[in-house]
Each structure stands twice: as structure tokens, then as C-alpha cells.
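The sequence and coordinates come first, and the notes follow.

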Amino acid sequence: MLLVALIPLFALLGFTITRGAHRLSPSFLTHSMAGIPPLSPGGGVYHAIIGTLEQVTLAAVLAVPLGLLVAVFLVETPLRGLTGPVRLLVDVMTGIPSIVTGLFVFSFWVVGLHRGFSGVAGSIALMILMLPVVIRSAEEMLRLVPQSLREAALALGLPRWRTTWSVVLPAARGGITTGVLLAIARVTGETAPLLLTVGNNAFINTNPLHGQQASLPVFVFNQTGSAFDVAVQRAWAGALALIAFVVVVYMTARLLTRSNAPR
Amino acid sequence: MALRIETVNLSCGYGATTAVSDVSLTIEPKSVTAIIGPSGCGKSTFLRSLNRLHEAVPGATVHGQVLLDDDDVYAPQVDPVEVRRLVGMVFQKPNPFPTMSIYDNVASGLRLAGVRRREVLDDAVNRALRDAGLWGEVVNRLSSPAHSLSGGQQQRLCIARAIAVQPQVLLMDEPCSALDPISTLAIEDLITRLKDDYTIVIVTHNMQQAARVSDITAFFTVDGPGMAGRLVETGSTEQIFRAPAQRRTEDYITGRFG
């Protein structure tokens, strides 16, 4: 049974590697699609890697403080009456389809506020998708911090906020970092919301605040949609690069979990 | 550097239940007062109400007064944070901060109160660790994680952390119940030495310990499950163990009850 369950995973990995590996070269990783006609075999994902890195980093920079704030509110404040509704909202957020999030940012930010397509619009969509994951994992980690540590800090004459900041958060740091990395890995492959908020670009656009930007998932989506073999090959190589990126993030998370487990 | 504590008709509880009711007790400075009694008699709750840590539990209730040299710590304008700086506490299980080194644990109270100067911190850490009888064992590894210490050393580290901020009163909630006999002895020696400088209140399940370390003993009891604990009698430790005035106390210390 175990092997049967693993077949899809290995099939997917094997498929992507056999199709993508021969096209994945240093040159593929260091060149953009600028000036590459659809039929031509050259080009690469450099511009898409930059876009993905910027969009995901920005999403994390927005989601982590906000998510930690909510998690701290849920665990550390004595306002028992409000925690139930907030937790319910977070659960509902987990279930929102990513395309809906994309639509929301599209109509609110891109069109509504006349901001147009940009990396930051995609980051906002990704942030909304990351938030519930960050909140729930940070909440679990904060709950694992023994009550006796909070009491030790309070008994030393620390105010509540100081207890949270200097004692509780550091004690949960390892677990929180792991949760954040898992949330990052989870949204890195999101495509639908980026189509509606960032668009695509064959050129390198390093400014996430202005103009359309490429990203690995949208690159894969676009190249797959082409009828030409050279494009489909690029799509597989891009998919492999995307998987590699996510695997690296997962591995970092695992390593951090091992070395920083709550003691 | 030691204050008198007086409780006046103090009752504490959680929500609708009262854990301990109507305690009026005077705790003398520069002495060790032991609080003994069966499980559930509210002795820990009583202790935690003295530094207003009790109210950190949601739904906690307190009625009556706790006077620290005639100032009511429950007066409306009093900040519980200020009370806890005057009244330090050591807990049942050693609870050093896991992410901090030995040095940082002892310095934490001062640092978080805004002390930045290295010499001041060094002095305070040095003195607190000496007072806690731990200096010789950790002098060469002050930057090691606190968790590298043994249980008994961790508890002495927690005592050092508590006295580094120079409180007036030291509360100890069964400080030896998680320790082996040798570590227990070390802590008891320490308590006897610390009483020259502090007002010490120790809650203990161990009657021999109460007899060994305390000057005054207060006996609490509870009449049944779900009922509120109460103070039965208080007196010099010698009198409580030799000739208790109350039958309940005698039954407890001779092992007929509890």
C-alpha cells in the first residue's frame, strides 16, 4: 500500500527529471527570454527566478509579522471571547481558493486602486494565502512553550509584552521558522493568483513595485501553452527548477526543525 | 532589604470556586516561613497571590488585602509588574530560559529592566551566582546553555535569577520537589543563608524540610474536595511540630491525615 501511495510522487518526479534535466543548464538558469522568438530553442528562466524570489520574499515579509501578531494575540492575550471567532476566520481563510484570492487582489488593487500588474500585487495575493498557514503553525508553536517559562518571566517583573518578546517568541523561534518556510514552499508554486496580478514578462524586471514580472510557475504555464516543442522543453526545465527551489526550502525547514526543536 | 508581608482576610480562587479563603497571616522579614498542608488546600494559590502572579491565570479572583510593609499590593494604582520586582519567586520545576546562556539567565531580570552597563551586569551575575552557591560550578562555562546544567544546578540558577534583581521577598513553591536529596540539601543550605537578607516564604510537601529550614510554620488544610482551603494555625516551627494547638495540625504532622 505504501508503495502504491508513493507511485504518483515518484512518477511525477521521474517524469519531470527525464523531461526537464537535459534542458536545465547553467545557461538556462542565467538567461531570460528577452529576444527569443517562440520557435527558437534558446532562452531561460533567470527573469522568472528573480520574479519568484522577489514576489515570495515580499509576501513573506508582509505575512510573517502580521501572522505572528495574530498568533500572539490568539495565544498570549487573555481576551478569551475573541479568540474563537478569530480562529474560525483563520480556518475559513485556509479554505479560500487561490484563484479567488487572485481575483480579489485584481479587482481591489490592480484595477480598483489603479495600481496595474506588478510583483507587489502578486505578493499581496501570496501573502493572503500564506497568512493562515503562518498563523496556525505559529499558534501551535507558541502553545508548545511551557507555561512555566511565562510565569518565570512574569515573576521576574517583566510586563506581558516583554515576556512574549524576550522569552516566549525566542523559545518558539525554531518551530515558527519551520512553519514560515513551509508556508513559503506552499505558495511558491501558486500560479492562478499571479496570472491575475503580476502577469508575465520575457524581460528581466527587477522592480517588483512596477510593471509585469515573470515568475517560475507562470513561466511554466506559458511555455506549456505553446504548440512548439522547444517551448514545452523549456516548460519542463522550468518545472524542474521550481521543484528544486521548493525542495531546497523544505530541506532547510527540516534541518531547522531538527536543530531548533523546542526543548 | 526585606519587607514584612501581612495578608488580611485574603481569599483567592478561579472563576466561581474559591481555592483558599479568609487567610490572615503575618510573615516576618529576615525569616523563613513554611507553608504546609495537604494537596488542594490552596497553599500554592496563596503563595502566588502574594506577588500577584495568581492573576496571570484567566478567571483568577482575589479578595482581601496583601500588605507589603503596610502598602496594599492590590490597591488600584499598583502595577503588578512593580510588585513582582519586589517579590521574587522560585518554582516547583526548574524553569531557566531555554534560549539563554547561564549568564544571560541570571542577567535577564536586570537586562529587561533596562540595565545595559556590562560592569553592572557582571557584578550582579557574579554576586547572585555566589549567593546561590553556584559560582564555583559554572564560572568556566557562563556562556553555555542553561539546559546543560543538572536539575539541582538549574534550580539554583533559577534562585540566582530571582535574587539578581534584589527583591525584598523570595517566594518558593516546593522548590525541591523535583530534585534528588543532595540537591535538596544544597538548596536548603542556601535558604538558611538567604534568610539573613530576604523574607522567605516556602511552600513544601515535605514536613522534615519545613522543620529543617523554617522559623515559622503555617498549616493550611481543606475539609473536602471542591471546598476552599483555609489557614488552621501558625506559630513557631518548633511549637507547631512539638505541640500544635489544633487537632487538625497534629493529625497532619503525625501522619494520621493527609
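## Contacts of Thr197(A)

Leaving out residues up to four places away in sequence, Thr197(A) touches Gly102(A), Val105(A), Phe106(A), Val110(A), Phe117(A), Ala121(A), Gly122(A) and Ala125(A); two residues are in contact if their C-beta atoms, placed from the backbone, lie within 7 Å. The model is a predicted one, in which local features need pLDDT of at least 70, side-chain atom pairs count only at pLDDT 80 or more, and totals for chains, interfaces and linings use all residues. Residues are numbered from 1 along each chain as its sequence is written, while chains are lettered from A and ligands numbered from 1 in the order in which they are written.

Thr197(A) is part of helix 9 of chain A; helices (H or I, at least four residues) are DSSP runs numbered from the N terminus. Thr197(A) counts as buried because it has 30 C-beta neighbours inside 10 Å. The classes are buried for 20 or more other C-beta atoms within 10 Å of a residue's own, exposed for 12 or fewer, and partly exposed in between. Between the C-alpha atoms of Thr197(A) and Gly42(A), 155 residues apart along the chain, the separation is 27 Å.

## Helix 5 of chain A

Helix 5 (residues 98-112) of chain A has a kink of about 35°, centred on Phe106(A); the bend at a residue is the angle between axes fitted to the seven residues ending there and the seven starting there. Its buried residues are Thr101(A), Gly102(A), Val105(A), Trp109(A) and Val110(A), and they pack against helix 6 and helix 9 (192-197) of chain A. After helix 5 of chain A comes His114(A), with a positive phi near 55°.

Beyond four places in sequence, Val134(A) is in contact with Ala63(A), Val64(A), Gly67(A), Gly179(A), Val180(A) and Ala183(A).

The table gives the residues that each chain brings to the contact.

| Chain | Residues in the contact |
|---|---|
| chain A | 18 residues |
| chain B | 22 residues |

On the side of chain A that touches chain B, helix 7 of chain A supplies the largest share, 6 residues.

Technical notes. Helix = DSSP H or I, 4+ residues; strand = E, 2+ residues; numbered from the N terminus.
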